Amino acid sequence: MPGQQFTADLLSKVWLTIMPSVEMTSHLYRFFPQLKNREIIVPAGSVAEIIAAVNEMAPGFNDYVLDEQGSLRRHVMLCINNSVVIDKLKLSDRVHEDGKVYIFQALSGG
Amino acid sequence: MSDMIILGTRKGTVIFDRQGAGWLPRPIMHAGIPVCYASRDPRDGTLWASLDHGHWGPKLSRSRDDGGSWEDLSSVKYPKGARYVVKYLPTPDFDPDSPTGQPEYADASVYKIWNIAFGAADQPGRLYAGTIPGGLFVSDDDGDSWQLNRPLWNHESRGGDLFAGDATSENQWNGTPASVDYGVFEPGIHSIVVDPQDKNHIHVAVSTAGVLETSDGGQTWASRNRGMTMDYLPDPEAEWGHDPHFISSCPGQPEHLWQQNHCGVFYSDDAAQNWTKVSRPDAGVHFGFPIAVDDDDGRTAWVVPAQADSERMAIAGGLCVARTTDGGHNWQSFRDGLPQNNAYDIVLRHSLDVAGDTLCFGSTTGNAYLSQDRGETWRCLGNNLPPIYSVRFG
């Protein structure tokens, strides 16, 4: 029924608006241009699952922000909303549906 | 005769091409990214650069079209279970028993891909990569995948096979100051010398451990530090703990190996079975980082002397290159064309190379110099380059 389709579309849009989003430093667009100029929406879950979802969109992304042990690289900063992620080793921090993940680099000189 | 000079710099890869009697630089590649080593595979012309991303982890970058385009690879990775016994930077108040009194283990991650070497002509796709924290990686598919050389990683001098369990021997490899930038104090493999006459015969040099040799393609490794001396340890002739800054061999006479060490210049004419100290501090030849060996004559080598480990700069404000042609008995210094006033350059371990009669070196001050008469006279290639980490003819 038309009404049901309308409801499904609406629910879909509502659902998308309550999924976590990911924002990142523009430095990473140099290596992953497919992530530029788009809204990155991923299912809620642990930080590890969030990064895995971004890696699906941009294969190889995880090697830039994680080391081979799956830990956050030393000079990569990751925040959930306004809080720096706590578990940098296993990335178990939970990102809720209305959360926003920020990935950026630590400041450097030279 | 080489027609290409490849510089790895703090701000990217710079390639100079021979154009008639001159050398012209191309626009910088990998712009803004530190490149700690770059070279050209003589077998197929592939260009390689080791990207030392401060934030995003080390990558290899590969160009199969002479630098027209580059492909970044994240393929050098430690396998699951690769561990090492942690070392700590020895400070004046360092307590070797802290913090736990027991060996502390860490899972290995690549901090830096410090050196790239190529296999023999009949080993297409065979590459070697030396890393901090002290792993030697081998590829047989031109860098698409890499395997850790486990006999070296599991060497008894590092504590034994930590894949199997805890350490069964003492870890005698110490850290390199070059690792401190990554927040650790771990060893690094910066020199990989493949014998051009025997592809299974390889030497590696480790800062800070010493030189190791394999004669069976990497299945077994043995220390090759006899004759080496260390000024900074209670036992200067200890088997381990040496700080080779770089080793290089003569392609035409590969049993002739040279080493610029923290504690002097050393020479071997028996494939590193024995080393002889050939420093001449009175002639300014003692401390430094790079060393280059003639293509055909194993008794001829060049160094770029520096003042001392406590003053890592040109001696008395003047750059010079020293050459020996008799196995280090005598050294001759050449200054023609090099700055002799207010020059405080330091030339790092990979930043001197020779190809035939042509030599080139670059400094962390961003100066590059070229000689086409075996180091006797020099001319400037550039004074405004980024800090230079490696110089290789292609």
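Student: In this predicted model, which residues does Leu47(B) touch, leaving out those up to four places away in sequence?

Tutor: Leu47(B) touches Ile6(B), Arg40(B), Ser63(B), Asp66(B) and Gly67(B). Take Gly67(B): it sits 20 residues from Leu47(B) along the chain, with 6.8 Å between the two C-alpha atoms. Leu47(B) itself belongs to strand S5 of chain B, residues 47-51.

Student: Why is Leu47(B) called buried?

Tutor: Count its neighbours. Leu47(B) has 23 C-beta neighbours inside 10 Å, and the cut-off for a buried residue is 20 or more, so Leu47(B) counts as buried.

Student: How much of chain B is buried?

Tutor: Buried residues make up 50% of its 394 residues.

Student: Which residues have the most contacts inside the largest nonpolar core?

Tutor: Leu7(B) and Trp302(B), in a core of 105 residues. At least three residues of this core come from each of domain 1 (75-91 + 99-223) and domain 2 (244-394) of chain B. Beyond four places in sequence, the residues that Trp302(B) touches include Ala292(B), Val321(B), Leu352(B) and Val354(B).

Student: What makes a residue part of such a core?

Tutor: Two tests: it must be a buried residue of one of the listed nonpolar types, and it must be joined to the set through C-beta atoms within 7 Å. A second, separate core has 19 residues, among them Ile50(A), Ile51(A), Leu78(A) and Val95(A).

Student: How do you know that domain 1 and domain 2 of chain B are in contact?

Tutor: Contact calls for C-beta atoms within 7 Å, and twelve residues of domain 1 of chain B are in contact with ten residues of domain 2. The centres of the two domains, taken over C-alpha atoms, are 26 Å apart. On the domain 1 side, strands S14 (188-194), S15 (202-207) and S16 (210-214) each supply at least two of the touching residues. That side divides into four nonpolar, six polar and two charged residues.

Student: And how many residues does each chain bring to the contact between chains A and B?

Tutor: Chain A gives 14 residues and chain B eleven. The chain A side divides into four nonpolar, five polar and five charged residues.

Terms used
Residues numbered from 1 in each chain as written. Chains lettered and ligands numbered in written order. Predicted model: local features only at pLDDT ≥ 70, side-chain atom pairs only at ≥ 80, totals over all residues. Buried ≥ 20, exposed ≤ 12 C-beta atoms within 10 Å, placed from the backbone. Domains from an automatic or database assignment. Contact = placed C-beta atoms within 7 Å. Helix = DSSP H or I, 4+ residues; strand = E, 2+ residues; numbered from the N terminus. Nonpolar A, V, L, I, M, F, W, Y, C, P; charged D, E, K, R; others polar.
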